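Here's a quick briefing to read with the structure open beside you. Take your time, and look up each spot as you go.

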Amino acid sequence: MPSVAPGLGLALTFSLVLISACGGGSEESPFPLPPPVSPAFEPDGLDGSVVRHIYRHDGRLFAATHDGLYGKSVGADMWIGLGLEGLQIQDLAIIDDQHWLAATFPSNQPFVDPRLYETVNGGANWLQVANDFGPGATQSEAMLALLYDHAGQQLFATGFNALAMSDDFGRSWLLLDGEWDQASTLEALDLNPLARQVWIGGQNSIEEMALRRYDLASSETAMFTRLLPSPSSIKGTTFDPTDPDRILVAGEGGVLQSFDNGASWNNLLGDVDHRFYFRALLDPQDTNVIYTAGWDKEFDIPQPLILEISRNRGVSWEQHQLDDPNLFGGVWSMLGTRENGRTVLYLGLYRGGIMRVRL
């Protein structure tokens with residue numbers, strides 16, 4: 001079981017590197033740079049966990065890990081177990097403060113015995129949900145990502161090469177896009193609320209990036225290919241809350257940005273030698289500011305935590321690095337929020353728990 005107390009006294013060495021973007025944009029930014037702020041890194045607990053996703057809902061934080069679900073109130077010190085120990089939480093859909101759905105596998109056994117669980121009392125009890133996600137009458141395909149659209153009151157999920165929708169909390173499913181029982185792997189699922197579009201990402205059967213945009217009004221799908229060097233996999237998509245056409249896509253090989261809803265793209269980081277980026281975030285107060293952090297594909301070797309910040313929409317970047325030789329600093333998940341008037345990032349690490357960053 002992971003430690004749920006925040007780490008104390010962790011010796012971390014900090015370094016800052018300024019770099020220019022290699023992938024796109026003009027050399028001079030039209031956006032004035034705000035004064036730099038040195039990030040304050042604080043270990044936040046769940047040491048040793050693989051933190052796949054971090055969520056915020058109604059003043060609470062949730063961490064989906066390789067060994068159960070954890071939660072705490074914003075500002076609290078301790079993460080509390082919320083059940084499903086022994087299971088890898090592939091993704092969580094939060095319906096309301098007590099009603100959640102979790103797509104799971106046995107810990108460290110992806111794609112084996114996939115199950116959907118539901119709680120209606122905030123994790124006190126979980127029950128398996130019988131469902132028909134897949135080509136058969138009972139579940140025959142793994143749910144790789146979940147998304148609940150509160151505006152439309154619909155649940156979405158991806159399979160290996162399928163996007164499906166449920167209006168009964170996961171019992172019955174309607175295939176919207178793709179096919180069941182294919183060799184792709186679609187683990188990224190995000191909703192652009194202003195444009196009413198679902199973005200799906202992952203890797204296809206020949207290890208190229210897979211990225212699609214599904215329009216909820218028209219049911220039309222757009223596909224985007226070969227935007228990152230192969231092999232590659234798309235991990236997460238972020239949307240500008242002030243501009244429905246601005247999209248950020250993170251994956252193996254970099255971070256992509258579009259200002260025209262996918263008609264054209266720039267790779268903001270240039271050649272990163274297939275480093276994985278699971279998410280790029282916009283600052284909650286200033287959407288000119290982008291945060292991201294990556295993972296070198298090392299499962300058993302510690303690596304530094306490198307937070308990358310652009311203050312001018314990706315034209316130039318700072319790297320803030322923690323050089324602890326024992327830290328598993330590769331980042332698999334990110335959440336950006338505001339606490340006490342400051343931007344705070346929660347970074348979910350591969351085998352390193354959670355790092356809290358005050359900016």
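What share of the contacts in the protein chain with a separation of 6 or more comes from residues 24 or more positions apart? It's 49%, where a contact means heavy atoms within 4.5 Å. Keep in mind that this is a predicted model, in which local features need pLDDT of at least 70 and side-chain atom pairs count only at pLDDT 80 or more, while totals for chains, interfaces and linings use all residues. Residues are numbered from 1 along each chain as its sequence is written, and side-chain values use heavy atoms, with hydrogens and water left out.

**The whole chain**

- The protein chain has 29 strands and 0 helices; both are DSSP runs numbered from the N terminus, with helices being H or I over at least four residues and strands being E over at least two.
- Of the 359 residues in the protein chain, 56% are buried. Buried means under 20% relative accessible area, exposed means over 50%, and partly exposed is in between (1.4 Å probe, protein chains only).

- The average pLDDT of the protein chain is 92, and 90% of the residues score at least 70. pLDDT is the predictor's confidence in each residue, from 0 to 100.
- Residues 3-11 stay under 50 in pLDDT, and the model gives them 23 contacts beyond four places in sequence.
- Residues 23-28 are also below 50, with 9 contacts in the model beyond near neighbours in sequence.

**Two open sheets**

- Strands of a sheet pair through backbone hydrogen bonds, either parallel or antiparallel. Here, two strands pair if DSSP finds at least two bridges between them.
- β3 runs antiparallel to strand β4 (residues 60-65), and 6 bridges join them. R56 has L61 in β4 as its bridge partner.
- Another open sheet, also of 4 strands, has the order β7-β8-β9-β10, and again the pairing is antiparallel. β7 (87-94) and β10 (127-128) are at the edges with a single partner strand each, so one side of each has no neighbour in the sheet.
- Walking across that sheet, β7 pairs with strand β8 (residues 100-106) over 7 bridges, and I94 has W100 in β8 as its bridge partner.
- Next, β8 pairs with β9 over 5 bridges, with L101 opposite E118 in β9.
- Last, 2 bridges join β9 to β10, where E118 has L127 in β10 as its bridge partner.
- Strand β9 (residues 115-119) has 4 of its 5 residues buried, so the rest of the structure largely encloses it.

**Nonpolar cores**

- A nonpolar core is a set of buried Ala, Val, Leu, Ile, Met, Phe, Trp, Tyr and Cys residues joined through side-chain atoms within 4.5 Å.
- The largest one has 18 residues, and Y291, L305, L345, L347, M355 and V357 have the most contacts inside it. β24 (290-295), β25 (305-310), β27 (331-339), β28 (342-349) and β29 (353-358) are the elements that give it two or more residues.
- Apart from that core lies another, of 16 residues, including L116, A157, A162 and A164.
- Leaving out residues up to four places away in sequence, Y291 touches several others, among them R279, L281, E308, M334 and L345.

**Aromatic rings**

- The whole structure holds 20 aromatic pairs. Rings of Phe, Tyr and Trp (its six-membered ring) pair if their centres lie within 6.5 Å; planes under 30 degrees apart count as stacked, over 60 as edge-to-face and the rest as tilted.
- For W199 and F239, the ring centres are 6.5 Å apart and the planes are at 50°, so this pair is tilted. W199 sits in strand β16 (residues 197-203) and F239 in strand β19 (residues 234-240), 40 residues apart. Both W199 and F239 are buried.
- Ring pairs also link F276, F278, W295, F299, W332 and Y350 into a cluster.

- S38 lies in the loop between β1 (14-20) and β2 (40-43), and S38 counts as exposed because its relative accessibility is 53%.
- The C-alpha atoms of S38 and V357 are 9.9 Å apart, although 319 residues separate them along the chain.
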